[in-house]
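Biologist: Please show me how to read a fold from its coordinates. I would like the general idea, then the case at hand.

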Amino acid sequence: MHDDDPDARLDVRDVDGEPFSDIVAAIEDLGDRETLLLVNSFEPEPLYSVLTDRGFDYETEQAGDEWRVYITPN
């Protein structure tokens, strides 16, 4: 289950261009027990394999017109 009070939040809906580098920078800044909340306008399915390959767990939920992905180091 995700942390209801994430340590960091990244809303990529307003990022001009491809937000991948912003996402990678944000997850690399996470501490061992910290959670990043990623907010997007669609489910970022291509990101899941990248997270898994880099050693992160994630949980996704849809809330209205936004998708929330809670990312934690595993």
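**Reading the fold**

Modeller: Start with contacts, meaning heavy atoms within 4.5 Å. Residues 24 or more positions apart account for 62% of the contacts in the protein with a separation of 6 or more. The model is predicted: local features need pLDDT of at least 70, side-chain atom pairs count only at pLDDT 80 or more, and totals for chains, interfaces and linings use all residues. Residues are numbered from 1 along each chain as its sequence is written, and side-chain values use heavy atoms, without hydrogens and water.

Biologist: In which order do the elements run from the N terminus on?

Modeller: Helices (H or I, at least four residues) and strands (E, at least two) are DSSP runs, numbered from the N terminus. Here the order is β-α-β-α-β-β. That comes to two helices and four strands. The radius of gyration is 11 Å, close to the 11 Å from the globule rule for 74 residues, so the protein is as compact as a globular protein of that length. The radius is taken over C-alpha atoms, and the rule is 2.2 Å times the number of residues to the power 0.38.

Biologist: How many bridges join E1 to E2?

Modeller: Two strands pair if DSSP finds at least two bridges between them. Four bridges join E1 (residues 8-11) to E2 (residues 36-40), and the two run parallel. Leu 10 stands opposite Leu 38 in E2. From E1 the chain passes through helix H1 (residues 20-28) to E2, a right-handed β-α-β crossover. Right-handed means that, with the strands pointing away from the viewer, the path from the first strand over the helix to the second runs clockwise.

Biologist: Which residues of H1 are buried?

Modeller: An α-helix has 3.6 residues a turn, so residues three or four places apart point the same way. Buried means under 20% relative accessible area, exposed over 50%, partly exposed in between (1.4 Å probe, protein chains only). In H1, the buried residues are Ile 23, Val 24, Ala 26 and Ile 27. They fall within an arc of 165° seen down the axis, so they line one face of the helix. The arc is that of the directions from the helix axis to the C-beta atoms. Ser 21 and Glu 28 are exposed on the other side of H1.

Biologist: Which residues are buried in H2?

Modeller: In H2 (residues 45-53), they are Leu 47, Tyr 48 and Leu 51. Their arc is 110°, so they line one face of H2. The face turned away carries the exposed residues Pro 46 and Asp 53.
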